[in-house]
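Student: Could we go through this model together, one question at a time?
Tutor: Gladly, let's look at it first.

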Amino acid sequence: MSSDTDTVKRRLAFQKSYSQEHGGGWRHRSLIDDAKFETATNQEFERRERFLSRGDSISEEEVFVQNGGAASPPAVGHKIHGVIVTVKEGVGNLTRVLRVIETAKIVIQHIESRKARKKGAQFEIFIQCAGSLEGVTSACDLMKQSPFVLDTEVLGEAETESKELWFPRNISELDHCTHIVTKFEPELDHHHPGYTDLEYRKRRKEIADIAFTYRHSQAIPRVTYTDDEVATWAHVYRTLKELYPTHACKQHNAIFKVLEEECGYGPETIPQLEDVSNFLKRKTGFQLRPVAGLLSARDFLASLAFRVFQCTQYIRHPSKPEQSPEPDCIHELLGHAPLLADPLFAQFSQELGLLSLGAADEDIEKFATVYWFTVEFGLCKQQGQIRACGAAVLSAYGELKHALSDVPEHRPFDPFKTAVLKYDDEDLQPLYVVVESFEDMMDKMRNFASQIKRPYEVQYDPYTQSVQLLNTKGVLHSVARNLKGQLENLQHAIDKIQAFSLDS
Ligand SMILES: [Fe+2]
């Protein structure tokens, strides 16, 4: 049995590694981190499940920490429990409750939060923790004494986590894909430029709350941005617009012009997500939905499968206009929106999303990495020059100049290699991936995808906005019939063009 001192040391090591993994560095946070976090968490959980299913306790030598490889926190004889803590309404209550949890004698493995359903409550926090049932129960009692906690509940083991790989089958089910990674918010990340700015944090929360109540098919509520917020937008907008003709890819430049003409883009006003969403629907069928912060990689990629892009509405802190540690509306509107209006780029994004549905954790990690080096930080070759097509580059003027300079390494896109590249988010990128063209990027990605192990393929039906598993003879026959009809139609069109050419 471990001593209390050992337990405290392990807890401190765990918290340190947790912080380094998720709180260190204020640069743009990555989906890759989230995907790795999910992979590690699930592996850890499954390892414990095996023990728990045998009725065993966790042996010390077989337990590993999911974050950063530090010493394992669970003590011999401890088990994994799920706890739900309901936090009362009030600014900063979530942070206060997290501090209470830190003082409780439990070892936190994983935390998630969601909007509370109970009246008078703000958040529900799900905590996966290691400890004895007695210890976890007494920690819950301690939390209940906090004036910020409405209720706590210790879940049964079966409810702690499901092994089933659920994924949305219909676009409406994206209402369940709102798994926020809370660790990078200004309340929690002391590297965030808004960490000490209570006014900013309050405003950010006010806007982010829109996403918590949003449901599929609703119009996205409009935000009345303040003069200061518009000033931040205007500064970034004007600076980037000067760079775009020489730094952005031709697709971005062409659509940016249309966005200015048709969608209210300009330095004076921050465009509304609803208007941009309607614009995208007309161009590529993509649509936006508001999100309260950084989503888990699995949920974010799943939304792409339905041509839905989850978008933040709040804006970065004015002290750091050149960059934001978390996605903000500047990043979404100037970086992502233009390329989502390009048919090939939109198709590439959706296919990545479709590949992620029901995929194994390690494959999600690979897709998130490919996404990171293409959709977020990608460069492309155009007329003998290198141009930016990644949203994180196109929405940060420091990064944009740096990316196209001679300083970083430029490496050709090869998804087999790109999918396992390491990523450094402490400073400007030392390495960028360059695609030959969007067509080439798509072809290589499809070839890569064919090597991924998944017991079935999926297909998106735009008429019903749903995903179909291609896993029965009946379904395959139906798809084949439709394809046959389309091919015949194509052949008739070719015949008619040839006949017309001969006649003329
Ligand atoms: Fe992004």
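**Questions and answers on the fold and the metal site**

Tutor: Among contacts (heavy atoms within 4.5 Å) in the chain between residues at least 6 apart in sequence, 68% join residues at least 24 apart. This is a predicted model, in which local features need pLDDT of at least 70 and side-chain atom pairs count only at pLDDT 80 or more, while totals for chains, interfaces and linings use all residues. Residues are numbered from 1 along each chain as its sequence is written, and side-chain values use heavy atoms, with hydrogens and water left out.

Student: How many helices and strands are there in the chain?
Tutor: Helices (H or I, at least four residues) and strands (E, at least two) are DSSP runs, numbered from the N terminus. By that assignment, the chain holds 18 helices and 12 strands.

Student: What share of the residues of the chain count as buried?
Tutor: Buried means under 20% relative accessible area, exposed over 50%, and partly exposed in between (1.4 Å probe, protein chains only). The chain has 504 residues, and the buried share is 56%.

Student: Which residues coordinate the iron ion?
Tutor: Donors are N, O and S atoms within 2.8 Å of the metal (3.2 Å for Na, K and Ca); water is not among the atoms, so sites may look incomplete. The distances here run from 1.9 to 2.8 Å. In sequence, the donor residues follow the spacing H-x4-H-x39-E.

Student: Why does the pair His336 and Glu376 tie together parts that are 40 residues apart in sequence?
Tutor: Both residues are buried. His336 belongs to helix H11 (residues 329-340), whereas Glu376 belongs to helix H13 (residues 361-376), so the pair links parts 40 residues apart in sequence: H11 and H13.

Student: What is the geometry of the site of the iron ion, given its 4 donor atoms?
Tutor: Four donors count as tetrahedral if all angles lie between 85 and 135 degrees; four count as square planar and six as octahedral if opposite donors are over 155 degrees apart and all others between 65 and 115; anything else is irregular. The angles among the 4 donor atoms are 51 to 134°, and the site is classed as irregular.

Student: Which residues of helix H9 are buried?
Tutor: H9 covers residues 273-283. The cover over its buried residues includes helix H8 (250-262), strand S5 (287-290), strand S6 (308-311) and H11. The buried residues are Leu273, Glu274, Val276, Ser277, Phe279 and Leu280.

Student: Is Ser217 buried or exposed?
Tutor: Ser217 sits in the loop between helix H6 (198-213) and helix H7 (227-247). Its phi is positive, near 85°, in a residue other than glycine. With a relative accessibility of 63%, Ser217 counts as exposed.

Student: And where does Gln465 lie?
Tutor: Gln465 has a phi near 50°, a positive value in a residue other than glycine. At 29% relative accessibility, Gln465 is partly exposed. Its place is the loop between strand S11 (457-461) and strand S12 (466-470).
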